[in-house]
Amino acid sequence: MLKMLARTGTGSGGSNAWVLQRISGLLLVVALFLHYLFLHFLNGGDVTWNEVTTRLASPLFKTIDLIFLVSVLFHAGQGLVINIHDYIHRPAPRVILVSLAWLLMIVLLITGTVTIVTLEPGFLQEMQMGQAAGVIDAIQSQGVAL
Amino acid sequence: MASLRTRGYSHYRWRTGQIAWLLHRLTGLALVLYVSMHIWVVSTLQLGEGTFEATMAVVQAPLFRFLEVGLLFCVIYHALNGLRLIAIDFFGATEKHVPLFWAVIILGGAAWIWGGSTMIGHALHQLEHGQAFFPF
């Protein structure tokens with residue numbers, strides 16, 4: 001992948017990660033600038049429930065926030081993996097820590113996606129109580145096909 | 001220094017590139033910690049207006065305004081140094097890496113002072129109006 005970039009080497013795992021870290025980073029600079037602009041400048045500095053839910057009712061902002069979420073978690077997970085590879089050399093602890101890093105990112109991805117996609121009140125409470133059926137109903141009541 | 005030498009940290013002299021690298025790494029780790037808490041805090045949107053506003057009242061208290069000045073440093077440095085890395089890796093700016101580092105420090109420093117002073121001003125305003133420094 002991405003071999004058209006002459007300086008990316010062989011195109012094996014490491015150099016893909018390296019170039020994707022730069023692409024996601026560039027995306028994050030733009031996204032984070034907009035994030036600061038909308039949440040901390042244009043609204044006078046305070047974030048309120050009304051303001052956030054109004055903005056998140058728009059499919060455009062849902063899409064932007066989902067792209068932002070995926071890039072930040074990819075970038076963060078990749079950054080953790082780079083640190084683990086630099087300091088943890090024994091195979092077993094390395095595999096365990098890398099797995100834990102990506103597990104954290106997956107948990108955050110699910111949490112963030114649920115927050116962005118549906119704002120049904122009580123949604124997380126139902127999930128915490130393990131009522132999977134209620135969760136699916138809540139998603140479908142938001143018009144999302146499963 | 002003996003312990004540092006045996007651990008291999010003094011094989012390089014502490015010069016611009018290594019300082020830039022270390023700061024990028026430390027601010028990156030801090031940002032992973034922050035973004036984890038941030039996604040968790042924002043997920044309280046699901047618990048309704050009352051819970052979300054109560055959570056925001058905690059994380060928008062003066063204590064956190066001051067902590068966010070540190071967060072702003074991490075964000076600005078990591079973003080601008082990240083652009084420097086892209087310039088070095090993709091646009092052949094390797095020989096310019098030192099002046100680019102100082103550009104990051106000067107531009108980032110200016111942005112940090114501007115943003116940080118606004119945030120501290122906001123916190124002082126809250127304190128003047130009798131809000132407690134600690135939200136707990």
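In chain A, 48% of the contacts with a separation of 6 or more are made by residues 24 or more positions apart. The structure described here is a predicted model. Chain A contains six helices and zero strands, and its elements, read along the sequence, follow the pattern α-α-α-α-α-α. Of the 146 residues in chain A, buried residues make up 14%.

A:Gly14 is located in helix H1 of chain A, which comprises residues 13-41. Between A:Gly14 and A:Ile82 there are 68 residues of separation in sequence, whereas their C-alpha atoms are 9.8 Å apart in space. With regard to its surroundings, A:Gly14 counts as partly exposed because it has 13 C-beta neighbours inside 10 Å, a residue being classed as exposed if 12 or fewer such neighbours are present and as buried if there are 20 or more.

The two chains meet through an interface in which 27 residues of chain B are in contact with 25 residues of chain A. On the side of chain B that touches chain A, at least two residues are supplied by each of helix H2 (16-42), helix H3 (49-59) and helix H4 (62-90) of chain B. The most is given by H2(B), which provides nine residues to this side. Sorted by class, the side of chain B that touches chain A has 15 nonpolar residues, together with eight polar and four charged ones.

Two of the helices that supply this side of chain B, H2(B) and H4(B), also pack against each other, at an angle of about 125° and with their axes 9 Å apart. Because of this angle, H2(B) is oblique to H4(B), and the crossing of the two helices is left-handed. From H2(B), the contact is made by B:Ala20, B:Leu23, B:His24, B:Thr27, B:Gly28, B:Ala30, B:Leu31 and B:Tyr34, while H4(B) takes part through B:Leu71, B:Cys74, B:Val75, B:Tyr77, B:His78 and B:Asn81. In terms of residue class, the contact of H2(B) with H4(B) has nine nonpolar and five polar residues and no charged residues, whereas four charged residues are found on the side of chain B that touches chain A.

Note on methods. Residues numbered from 1 in each chain as written. Chains lettered and ligands numbered in written order. Predicted model: local features only at pLDDT ≥ 70, side-chain atom pairs only at ≥ 80, totals over all residues. Contact = placed C-beta atoms within 7 Å. Helix = DSSP H or I, 4+ residues; strand = E, 2+ residues; numbered from the N terminus. Nonpolar A, V, L, I, M, F, W, Y, C, P; charged D, E, K, R; others polar. Axes fitted to C-alpha atoms, helices over the stretch in contact; angles between N-to-C directions. Parallel < 35°, antiparallel > 145°, perpendicular 65-115°, else oblique. Left-handed = near helix turned anticlockwise from the far one by under 90°.
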